[in-house]
Amino acid sequence: MTAPPEVLPAGGAASAAWLLFAIPALSAVVLFLAGKRANAWGHWLGVGSVLASFALGVVIFVQTLGVAPEQRTTEVSLYSWIASGTLDVDFGLRIDPLSLTFVLLITGVGSLIHIYSVGYMAPHEGAEPSSDSSRRRFFAQLNLFVAAMLVLVLGNNFVLLYLGWEGVGLASYLLIGFYQDRPSAATAAKKAFLMNRVGDVGLALAIFLLWLELGTLQYTEVFARIGELGGGTILAITLLLLLGACGKSGQFPLQAWLPDAMEGPTPVSALIHAATMVTAGVYLIARTNPIYDLSATGRVVVALIGVVTLLIGAIIGCAYDDIKKVLAYSTVSQIGYMILAVGLGPAGYALGIFHLLTHGFFKAGLFLGAGSVMHAMNDDVNMRHFGGLGRRMPITFVTFGLGYLALIGFPFLSGYFSKDAIIEAAFGQEGWQGWVYGGAATLAAGLTAFYMTRLMIMTFFGEERWQKLTAPNGEHYHPHESPPVMTGPMILLAIGSVFAGFVLSAVGLNQWLAPSLGELEESTHGVLPHALVPWLVLAFSALGVLVAYLVVGRRPTPVERPEPVSLPVRAARRDLYANAVNESVIERPGIWLTRALVFLDNRGVDGLVNGLAAGLGGGSARLRRLQTGFVRSYALSMLGGSVFVVAALLAVRFA
Amino acid sequence: MSPTNYLLLSGLLFTVGAIGVLVRRNAIVVFMCIELMLNAVNLSLVTFARINGQLDGQVMAFFVMVVAAAEVVVGLAIIMSIFRTRRSSSVDDANLLKY
Amino acid sequence: MSTAPDTGGNVMLLVLLLLPVVGALLMYPLRRNVPAAKAAAMATALLEFVLVVVTWVGYSTDAASSGERFQYVFSVPWIPAFGTHLAVGIDGIALVMIALTAFLVPGLMLFAWAEKLPEGRTASGYFALLLATEATLMGVFTATDVFLFYVFFEAMLIPMYFLIGRFGGPNRQYASVKFFLYSLLGGLIMLASLIGLYVTSADQLGAGTFTWSDLQSIAQSTPTSTQIWLFLGFFVAFAIKAPLVPFHTWLPDAGAEAPIVAAVLLVGVLDKVGTFGFLRYCLPLFPQASQVLAPLVLVLAVIGIIYGALLAVGQKDMSRFVAYTSIAHFGFIALGTFAFSSQAFAGATLYMVNHGLSTGMLFVMVGLLVARGGSRLISDYGGVSKLAPLLAGCLLLAGMSSLALPGTNSFVSEFLVLVGSFPREPVATIIATVGIIFAALYILWFYQQTMQGPVRGNAVIRALEAGGVGGPGAMIDPAVAAERGAGFPDLTKREIGVLAPLVVVIVVLGFFPGPVLDVINPSVQATITEVGLPDPVPAGGVVGGVR
Amino acid sequence: MIALAQVAPLTAPPIDYAAIAPLLVVLGGACVSVLFEAFLPRHQRWPAQVALSVLVVAVAGIALGVYAGSAPVAGIVTLASALSVDGPTLFLWGTLLVLGFGSLLLIADRSVEPGGAFIASAVERASVAAAPGTTTGPTGVDPEHVDRSYGAPGEAPTMQTEVFPFVLFALGGMMAFVAANDLLTMFVALEVLSLPLYLVCGLARRRRLLSQEAAVKYFLLGAFASAFFLYGLALLYGYAGSVKLVAIATAAVGTPRSDALLFGGLALLVVGLLFKGSVGPFHTWTPDVYQGAPTPITAFMAACTKVAAFGALLRVLHVAFGSTHWEWRGVMWAVAIASMVIGAVLGLTQTDLKRMIAYSSVAHAGFLLLGVMAITPEGVSSTLFYLLAYGFTTLAVFGVISLVRNADGEATHLSQWAGLAKRSPILAGVMTFLLLGLAGIPLTSGFTAKFAVFSAALGDGMAPLVVIALVASAVAAFFYLRVIVLMYFSETPEDGPTVTVPGAFTTVAITLGVVVTLLLGVVPTLVLGWAGAGGLTG
């Protein structure tokens, strides 16, 4: 492990870093409270706030570049947030290469998506007046998300991280359930929040454990003293943190919420459920790398989770017809790659972040493209209704296509650099780990190529199936290119997805991140030589494309999904039974248990109380019958009482 | 003859009186049974006086008689008044007040 | 040999005590003139609040941390034969509680301003009872003489009893009597311990006393067996008040049948007397017993957290739902109280305040829904957010506070409770932490049922048709309805006035709990020393954050 | 002559007239009031009797006050040690006088029931018809008995004034009873207080059948009980060779006689006293008599008889049997528990207010026993205080009950009290306060008294009993609560009863009760001091 660099108080623009999240937060508050008045200009305020914090981020970034690497880790303490006894949680920010990288990603991609949303969320003619308000609400919530996400990455202690962590959870909940009158949206939102809470429990317990063992929750102190702890404790901490990461990043076994999250508006899917929030888990593990450095076992578990997830995502992605669901599972799979990378330890932290950035570009671009398609197709998401859209909406087609190439790792596009690096590192491990990680990653690369090609063909090529169909709302489809306010961001992201990989590796992202993540270790004795891996991956990807072309491209796509299909396809269509398991293991027993408890409480606990009262009343009603009204019976009771008293007294005395 | 016998007799009388109170219906008779119990007490008082070789007990017996007489006056008055209204002196008829 | 000064002292607290009484009495002459009565009541409540603020400002945390147990002390002998004093004084814990009380009452009055009362009931009586409740609460929190505390503890029941019984829902008689008898039973069992305490003090000090500090001074020397008996008496009373499972069944009935303002006072403040009692009486007066019996309490607390949450999800009635969520929250408070660490104690204390705010707001939201739909059934509402977005937003905020989302007040307290309990009680804390999932479950479930999805539910539809907007299932334009103020209108100005302070406090305390914690911490430290169980020291030793 | 000369001169035992002045005044007043009955014309009797009674009580009170000011703390024994005038005696005398005064006011009142609540024997058709069960039972209306007490058609109805001498005699008897220092005096006093009560129970103007039935039952059972008392007296005489309490106490320490006599005697004696104190299971007469008797008399019995009975019980157990309390305490525990349970549980389902209060008095008797059983100064003082507090509260309660009336007299059925708060908020408020007092809620005398008694009991090692007592009082609270619920939370029935505006007398009596109930709850110090001054001397 590398000794953490000493921490300097932030200076210059960095000391104003709190503005980064303060501005969007303020804007969110304004938009929430302003009410209808803000309908007219609200969205521009939202865009402006994010742009502002992006600008500030750039300034701080440039300033940080100006100083020597070992001085790039700075902190600014705003005030003491929670203080009791020896506990003193600081509301402070940590500005270092890692957090700055995320700041730029969040605010940069965030700005683009905000701009895109101005067009996407614009009320289409004939909409009810309230949809102005709903756009305002949308931007308020999107700003809230940006603010929370920035707190998450900027916080200099675990509690602040937790604040951002659940803050983005709330924003995600609100935005997934944005179309509130859709029951499915509401349910999806609830599901997302609950599964995230499961992860949060892990994070919380990790925090408690750190407090118990170290008596502090500041990154600097924790990382400095983590070495004092025993292996068992550290392993426990790493696993609990991993649980948190799984919840947030839709990793196995908590991946089921992410596809449902696509109920939200597409820009949300692009920003939150592709580019930023869902990568928070990767950030968490990368941020706590000093802890993971100390636990090889912990790292193996992380890597395996990543492997399992990237396979699950890739497999299910092949079966769906819903364009957003396919992209969602692709996200699950790609985050699997990142988790795998950070699971490789010093050999992979930087690579994980690298892939996270490139993925941020091209996946956001893909989602925006999908959004543009839906915008054109009356919000239809079923690819079987598409086809031949390439000619109708060229810009979308081109940008989307570039994103697609980047994702499948077409040579010298961003995906090629980041993903192949991860796979190389994976093969770089020794023994079985190398084979398992590398093999799975390579296989998934092929699958990725398959399902993405399938998506491209079904959407942009082939016959225009939509000609013969009518939209759910009855009218015919009139595919048209989206307005510039939407295509602009798509173009920028496309450029990003083309060059980001090359640029970032050229300028040396790894060295830049080194102060936060330690030097990137080149694995020397892997199971496969480095030279071989790219070709292998390329071969698998090409194979995937080819198969896709043979299966989908050469024969017409049926408008109705074919039934019955082979077992694996069925399994994949049903998310490999993840939801079924959740339902039968957790949901139904839970409902049953609740009913049982309600019964127990009313009949049992409360029944006891009321029963006691009833018993007293009944006893009273019976006993008062003894008061017959006959003098002689009264006399009898008196005599009986006297006899008892006499007998008892004599008994006490003489016995 | 040992004084104990007198005590036993008085105890017996007392019990008889008590039982009488329990079993007889006529208010007058019930009342007479109570008088019997009082007189049982008198007997034991006198006996104890004899045993202790004092006069106190006998004096007390007189007190008891006086009090008993007073009770008779009051009791008969009450029984008469209820007899007037009810035309019955059975204690069992008077059971409007119960439960 | 009472150490209580018999020389009177600072009369501030007496003023706080008597002012609401005066206000309540004022209601009688004004009973014919309802507007004047309302105005007078509101004025009293506001004045009370101002005075409490003054008290807060005047409360010196330095003095508290330098060992001054109580401030604003006033004490005169009351019944020498029993060694009782008319003794009042506040520490940080009591201060925040009276602050909470004084903060809530004016808002509640504003809420009750236009409430539709059962026929034959006058608003003046209503407000008089509110003020009377406030007075007894002030007394119960400020008393530093155990006898006096008991007097207020019992007196507290009477105005609340009449509030529920006279102004409550259809089943109010059953609920009010159940509430009264249940609490009275607890109180009487406590009385037995109270007398026992008195006798013990007579044995140890020569003369029986009820002065808290004297009793505390002999606490360590009282044999543990005695302590356990006395502890149990107090504990039962407080556990019924708090309420802990299985003593909780009166709360859903009372909370559901009580008028909203009473429900807020009942669940928000009055029940806190139980947890307050744990901190002020059970722990310092019976330290050994508390430690011996802590496992028992922790089991009840943890059960309560899970049990209350699951039952909440099973409820059909909104008020009962809120009541059960409170049972879960009281579990957290009890956990923190019996984990014996300064963080846990501070967290529990702060939790009392925060729960008062969040649950208070939840009850108010329920009240607003009932005011519109005229039904308490959850299934009678649906898709309200489409009609009344502001109302929905407030409900969501209250809910988020209730599930302790970071950034709301409750997170700080819940975090402190858990992080403070973990070192001593890892298992209980882990279960409790799992409880936060259930918290999310019941809040989101409730929100989804009532607020999200298409506009539905008998109450809503009825209200809309009454307002002449739309028919069953019809998509209603909320703007139209709201502007008409008809149908299912969004929040009115008055209602916003009720909610705004709550919203502000909930959010501000989420980010800046400092002022409150500064007041609480010294008293918490004092309690720690009185219990005589040192703070668990983290293995790491060195602690604290970089500043 | 010589023989005569040899006889030692008789020396009359010394009598401390100052000490026993109150007793003498009351008994003398009673005699005078008998003469009034005999010689004054009917229309003058009421004012004369009222004036006389008030005067007597006042003078007795003054005499008591004067003596108490200079009384030796130890107390004295006078009249050949027949009477013991010590701290408790003085306190009880004071209590009896004040309570008696209150009762007399209720009795004298003619505004609530026109012409007062009492007539001797004549039958009122209306009331017979109204009396429950008369449809089945014989309504023996005797034609030649028209209600004389109404006097000539023109004039206002007058009341039966014999009640005044009766009450005065009973009061005197009670005062002698609590002061009696030997069992014989106690027995005579018992009869002096009982016999008039038997009679006045039957004097109700309304519901005569119930009233007379109450009288008969009370009389027969009372006589029965006094027989037990007497037999106990005899046995104890046989045991100790004397009936002086002190002598019994000394004999108990060491005497050849069999303890069977001692404990048999104690048992029977106590039974007689418990009967008077209406302690379960010797309470059976209480509900019937309380319900049947004219309400003012019920008030008098409930307040004063209890005081007298427990005063005597206190003296007997503490003076004569204090040394042997380990033997009898267990049995008394059982009795106390029985009494508390019976009172609390049976009270739950009562439908008649007077019966309900009767059962509550049974429960309170159980609580009082706790204090009596504590053989400590606190035991004595707390019991005394409890008696005073309970007496005033219950007096006021019956006063209030007498105000709620309908066509045929008092409306004592619970259902008739529904929604009373709306019709008469003040009366409902007063009643609520008094009931809370009986329930023992803080800031009422009931709480202070309970606290005193229970702490005395706990101090003397009766913790379990205290817990039981507290649970019982929680149960008992339910039926007090029922009345409050009815008055406040229920809707008023049609043809509900009306609330009579009380005349001066009743008003004063009720106010007295309420004020004392409040004061003893808030500032009991002074009275507690009196109750604690000086112990029992024999």
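Predicted model: local features only at pLDDT ≥ 70, side-chain atom pairs only at ≥ 80, totals over all residues.
Reader: What makes up chain A, and how many of its residues count as buried?

Author: Chain A holds 25 helices and three strands, and along its principal axes the C-alpha trace spans about 110 × 65 × 60 Å. Of its 655 residues, 60% count as buried, a word that asks for 20 or more other C-beta atoms within 10 Å of a residue's own. Among the contacts in chain A with a separation of 6 or more, 82% are made by residues 24 or more positions apart.

Reader: How do you know which pair of chains has the most contacts?

Author: Two residues are in contact if their C-beta atoms lie within 7 Å, and among the five pairs of chains that touch, chains A and C have the most contacts by that test. Here 55 residues of chain A meet 55 residues of chain C. On the chain A side, the elements that give two or more residues include strand S2 (74-84), strand S3 (87-95) and helix H24 (578-623), while H6(A) gives the most, with 15 residues. By kind, the residues of that side divide into 26 nonpolar, 15 polar and 14 charged.

Reader: What makes you say that chain B and chain C do not touch?

Author: The nearest C-alpha atoms of chain B and chain C are 25 Å apart, and the two chains do not touch.

Reader: Which parts of chain D touch chain A, and which helix gives the largest share?

Author: This contact takes 31 residues from chain D and 23 residues from chain A. The elements of chain D that give two or more residues are helix H8 (208-240), helix H10 (259-276), helix H11 (285-292) and helix H13 (325-348), and the largest share, ten residues, comes from H10(D). The residues on this side of chain D divide into 23 nonpolar, four polar and four charged.

Reader: Why is Ala70(B) called partly exposed?

Author: Ala70(B) has 15 C-beta neighbours inside 10 Å, and since a buried residue needs 20 or more and an exposed one has 12 or fewer, Ala70(B) falls in between and therefore counts as partly exposed. Ala70(B) has its place in helix H3 (residues 56-86) of chain B, and, not counting residues up to four places away in sequence, Ala70(B) touches Glu191(D) and Leu195(D).

Reader: What makes strand S3 of chain C "mostly covered", and how do you know that S2(C) and S3(C) pair?

Author: Strand S3 (residues 84-90) of chain C is called mostly covered with six of its seven residues buried. Pairing asks for at least two bridges, and six bridges join strand S2 (residues 71-79) of chain C to S3(C), with the strands running antiparallel, so the two strands pair. Within this pair Phe74(C) stands opposite Val88(C), and the hairpin has four residues between the strands, with Gly83(C) taking a positive phi near 65°.

Reader: Where does helix H2 of chain D bend, and what do its buried residues pack against?

Author: Helix H2 (residues 17-39) of chain D bends by about 35° at Leu23(D), and Leu23(D) is also one of the buried residues of H2(D), which include Pro22(D), Gly29(D) and Ser33(D). The buried residues of H2(D) pack against several elements of chain D, among them helix H3 (42-70), helix H4 (87-108) and helix H6 (163-179).

Reader: What makes a group of residues a nonpolar core, and which residues have the most contacts inside the largest one?

Author: Its members must be buried, come from a set of nonpolar residue kinds, and be joined through C-beta atoms within 7 Å. The largest such core has 720 residues, and those with the most contacts inside it are Leu340(A), Leu370(D) and Val466(D), while H8(D) gives the most to the core, with 24 residues. Leaving aside neighbours within four places in sequence, Leu370(D) is in contact with residues including Ala336(D), Phe454(D), Met462(D) and Val466(D).

Reader: Where does UniProt list the domain "NADH:quinone oxidoreductase/Mrp antiporter transmembrane" in chain D?

Author: An unreviewed UniProt entry lists this domain at residues 180-474 of chain D, and over that span the chain is 78% helix and 2% strand, with its end C-alpha atoms 36 Å apart. For chain C, the UniProt feature, also from an unreviewed entry, is placed at residues 143-436, a span that is 79% helix and 0% strand.

Note on methods. Residues numbered from 1 in each chain as written. Chains lettered and ligands numbered in written order. Nonpolar A, V, L, I, M, F, W, Y, C, P; charged D, E, K, R; others polar. UniProt positions renumbered as here; feature names shortened; annotations may be inferred. Bend = angle between axes of the 7 residues up to and from the residue.
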